[in-house]
Amino acid sequence: MDVYAATSIELKLLTDPTRARILHLIMESLEGRRSVSDLAGELQLRQPTVSHHLKALVEVGLLERNPDGRLVWYSIQPEHADRVAEVLQRSPATGSAEGVLERVTADLSGRFAGVFSPETVARYVQESYTLLAENGKAIRYLPSLASRFAADRLSALAKVESNDLDRTPEVLFVCVQNAGRSQMAAGILRHLAGDTVRVRTAGSDPASTVRSVIVAALDEIGVSIGGEFPKPLTDEVVRAADVVITMGCGDACPIYPGRRYLDWDVGDPVGLPIGRVRDIRDDIEARVRSLLATLQVNAV
């Protein structure tokens, strides 16, 4: 299936709730297959209507049709199972996001009990989910990443509203897409400082994923990206930071008194070959090492 076809299929799934629901029901079934009558009963639709949708999904190659006596079973084409699961995970038509967010809210309410009310946690969870969905350009694994994003924001807010008993210095790296320069800087600083520095990242216009060339360039020097992902810039992470470092994002970052602001003039790795990305990485590493020397922490 070519890129155009895959993109077209994704759009159809996201904009047609009936077909998305059909695929979801098939994937969730114990045997991985459903009949027309099964689906019609679940969806409360007439069988000819369901058959029409199934035919369309078979024609684009997402479903396979398997006759079994007088019954016909429909299942996901194995080679497209991962693709379908990824798209459905982002689709509001499956109705699964609300339940997941309720669970995330309950878990984080327990984690931040005595610090924030369940209502505040719920607001941050929903807002974080919405920000990633809108600004993250259909980011993969949205509920789990929204959980991490909300937890990070709540942690930052807790520091801002506390008496600052935790004196671990916090550094925030901000670039445009949060998929290149800021992720390299954050990965290197975490690698060098460990738990002695709290590191966060954000983007003024975040991309969907960290670029593979960035992950590869860091891996070459033994630095892990650590499961990081692009996320939008929010107020509380700026307020929690002791040092805010921007890289090519202009005036997107708000200014608060008592913080140290630096603007690093480093190249943008977007679209560059690995050789030039290495040069940018090495430039960033030198800057990070110099920064670390000013933070007054014990690190390697």
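Asn66 has Trp73 of strand 3 standing opposite. Helices (H or I, at least four residues) and strands (E, at least two) are DSSP runs, numbered from the N terminus. The model is predicted: local features need pLDDT of at least 70 and side-chain atom pairs count only at pLDDT 80 or more, while totals for chains, interfaces and linings use all residues. Residues are numbered from 1 along each chain as its sequence is written, and side-chain values use heavy atoms, with hydrogens and water left out.

**Exercise 1. The whole protein**

Task: State how many helices and strands the protein has, and what percentage of its residues is buried.

Solution: 
- Step 1. The secondary structure comprises 12 helices and 7 strands.
- Step 2. Of the 300 residues, 45% are buried. Buried means under 20% relative accessible area, exposed over 50%, and partly exposed in between (1.4 Å probe, protein chains only).
- Step 3. Among contacts between residues at least 6 apart in sequence, 67% join residues at least 24 apart. Contact means heavy atoms within 4.5 Å.

**Exercise 2. The hairpin and its sheet**

Task: Find in which sense strand 2 and strand 3 pair, and give the strand order of the sheet of 3 strands.

Solution: 
- Step 1. Strand 2 (residues 63–68) pairs with strand 3 (residues 71–76) in the antiparallel sense, over 6 bridges. Two strands pair if DSSP finds at least two bridges between them.
- Step 2. Asp68 has Leu71 in strand 3 as its bridge partner.
- Step 3. The two strands form a hairpin with 2 residues between them, and Gly69 in the turn has a positive phi of about 65°.
- Step 4. The sheet of 3 strands is open, has the order 1-3-2 and pairs in the antiparallel sense. Strand 1 (34–35) and strand 2 are its edge strands, each pairing on one side only.
- Step 5. In a regular strand, side chains alternate between the two faces of the sheet.

**Exercise 3. Salt bridges**

Task: State how many salt bridges the model has, and describe the pairs of Arg33, Lys159 and Arg190.

Solution: 
- Step 1. A salt bridge is a side-chain nitrogen of Lys or Arg within 4 Å of a carboxyl oxygen of Asp or Glu. The count by this rule is 19.
- Step 2. Arg33 and Glu31 form a salt bridge at 3.2 Å, N to O. Arg33 is partly exposed at 30% relative accessibility, whereas Glu31 is exposed at 61%.
- Step 3. Lys159 and Asp242 form a salt bridge whose closest N and O atoms are 3.3 Å apart. Lys159 is in helix 8 (residues 142–161) and Asp242 in the loop between helix 11 (235–240) and strand 6 (243–247), so the pair links distant parts of the chain, 83 residues apart. Lys159 is buried at 13%; Asp242 is partly exposed at 26%.
- Step 4. A network of salt bridges links Asp152, Lys159, Glu170, Arg198, Arg200 and Asp242.
- Step 5. Arg190 and Glu228 meet in a salt bridge of 3.4 Å, N to O. Arg190 lies in helix 9 (residues 181–193) and Glu228 in the loop between helix 10 (212–219) and helix 11, so the pair ties together parts 38 residues apart in sequence. Arg190 is partly exposed at 27%, and Glu228 is buried at 18%.

**Exercise 4. Thr201**

Task: Decide whether Thr201 is buried or exposed, and name the residues that Thr201 is in contact with beyond its neighbours within four places in sequence.

Solution: 
- Step 1. Thr201 is part of strand 5 (residues 198–203).
- Step 2. Its relative accessible area is 4%, so Thr201 is buried.
- Step 3. The side chain of Thr201 makes a polar contact of 3.2 Å with that of Asn178, and one of 3.1 Å with the side chain of Lys231. A polar contact is a pair of N or O atoms within 3.5 Å; within protein, one must be able to donate a hydrogen and the other to accept it, and residues adjacent in sequence count only if both atoms are side-chain atoms.
- Step 4. Beyond those neighbours, Thr201 is in contact with Leu172, Phe173, Asn178, Ser182, Gln183, Ala186, Arg190, Glu228 and Lys231.
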